[in-house]
Amino acid sequence: MSDPRLHSLHLEGQPRRDTFRSAREKLQAACGSQTMAGNARVLDDAALVVSTLAAPVGGAGGSGIAGRFTFYLKDGTNVYPLHLGMNSIGRLPDNDVVVRDECVSRRHCAVLIHSDLRCELHDVASKNGTLLNGKKIPQPQKLQSGDQITLCNRRLTFHMVEAANEPAAS
C-alpha cells in the first residue's frame with residue numbers, strides 16, 4: 001500500500017523519519033486485506049455511513065454483520081466523518097481529519113476501521129504523543145464508542161452509531 005498520507009518526506013532528521021517509518025509499517029500491517037478491500041467511501045450528510053457490512057464476526061462460521069453504521073470524531077461542535085479503512089489525523093490539509101493546532105503533528109495518528117467493525121487508534125510517531133482516555137498509547141489500542149482521544153490540548157470523542165432501520169416499502 002502506497003498511501004500518500006503515509007509518506008515521510010515532511011519529517012526533518014533521520015531518527016524521527018525512521019521512527020515514523022516504523023510506525024507506518026505497523027499501521028499498514030494492521031489494515032489487512034478485508035479492511036482495505038472495503039475502503040469504499042459513501043458520504044451521508046456530515047457523517048460517513050458504511051452500508052451492509054457482511055464480514056463474519058468471531059471467525060469463520062459466525063453470523064454476518066448487516067446494517068448501517070456511522071463513524072465520526074467530535075471536537076466540541078466540529079464533527080469529523082470517518083470511513084472504513086485508514087483515517088489519518090493531523091495538521092496537514094490532506095489528512096482525513098485536519099486539526100488546526102500547531103501542537104498537533106502533521107501526521108499525528110490514525111483511526112483504523114475494519115470491515116468487521118473493530119476500530120483501532122494508532123499513534124504515527126507524533127512528536128507529542130496520543131492519549132486515549134487520558135493515557136498515552138505506546139502501541140495501537142482498541143477503540144470503543146465514547147472513547148476520548150487527546151492530541152496535545154485537543155480532545156476528540158470517537159463515535160460509532162448504528163443507524164435506525166428504515167421500514168420496508170410495501
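Q: How many residues of strand β5 are buried?

A: Start by asking how much of a residue is covered; buried means under 20% relative accessible area. This is a predicted model, and in it 6 of the 6 residues of β5, which spans residues 85-90, are buried. Over the chain of 170 residues, 45% count as buried.

Q: Which strands does β5 pair with, and in what sense?

A: β5 pairs with β7 (residues 109-113) in the antiparallel sense, over 5 bridges. In that pairing, Met 86 has Leu 112 of β7 as its bridge partner. β5 is also joined to β6 (residues 97-98) by 2 bridges, and these two run parallel. There, Ile 89 stands opposite Val 97 of β6.

Q: Okay, let's zoom out. How many helices and strands does the chain have?

A: Count the elements, then read their order. You'll find 1 helix and 13 strands.

Q: Which residues have the most contacts inside the largest nonpolar core?

A: General idea: in soluble globular proteins, nonpolar side chains tend to be buried together. In this model, the largest nonpolar core has 23 residues, and Leu 73, Val 111, Ile 149 and Phe 158 have the most contacts inside it. At least two residues of this core come from each of β3 (68-75), β7, β8 (119-123), β12 and β13.

Q: What does Ile 149 touch, leaving out residues up to four places away in sequence?

A: Pick a residue and list who is in contact with it. For Ile 149 the list includes Leu 73, Val 111, Leu 121, Leu 143 and Phe 158. Ile 149 also has Leu 132 standing opposite it, in the antiparallel pairing of β9 and β12, which has 2 bridges.

Q: And Thr 150: is that one buried or exposed?

A: Compare its accessibility with the 20% cut-off. Thr 150 sits in strand β12 and counts as buried because its relative accessibility is 13%. Beyond its neighbours within four places in sequence, Thr 150 contacts Gly 129, Thr 130, Leu 131 and Arg 155. Thr 130 is 20 residues away in sequence, yet the two C-alpha atoms are 6.0 Å apart.

Q: How many residues lie between β12 and β13 in their hairpin?

A: For a hairpin, check the two strands and then the turn. β12 and β13 pair in the antiparallel sense over 4 bridges, with Gln 148 opposite Thr 157 of β13. The hairpin leaves 2 residues between the strands, and Cys 152 in the turn has a positive phi of about 60 degrees.

Q: Where is Asn 133 found, and what is its phi?

A: Look for positive phi values in residues other than glycine. Asn 133 is such a case, with phi near 50 degrees, and it is in the loop between β9 (131-132) and β10 (135-136). Asn 133 counts as partly exposed because its relative accessible area is 42%.

Notes: Residues are numbered from 1 along each chain as its sequence is written. This is a predicted model: local features need pLDDT of at least 70, side-chain atom pairs count only at pLDDT 80 or more; totals for chains, interfaces and linings use all residues. Side-chain values use heavy atoms; hydrogens and water are left out. Buried means under 20% relative accessible area, exposed over 50%, partly exposed in between (1.4 Å probe, protein chains only). Two strands pair if DSSP finds at least two bridges between them. A nonpolar core is a set of buried Ala, Val, Leu, Ile, Met, Phe, Trp, Tyr and Cys residues joined through side-chain atoms within 4.5 Å. Contact means heavy atoms within 4.5 Å.
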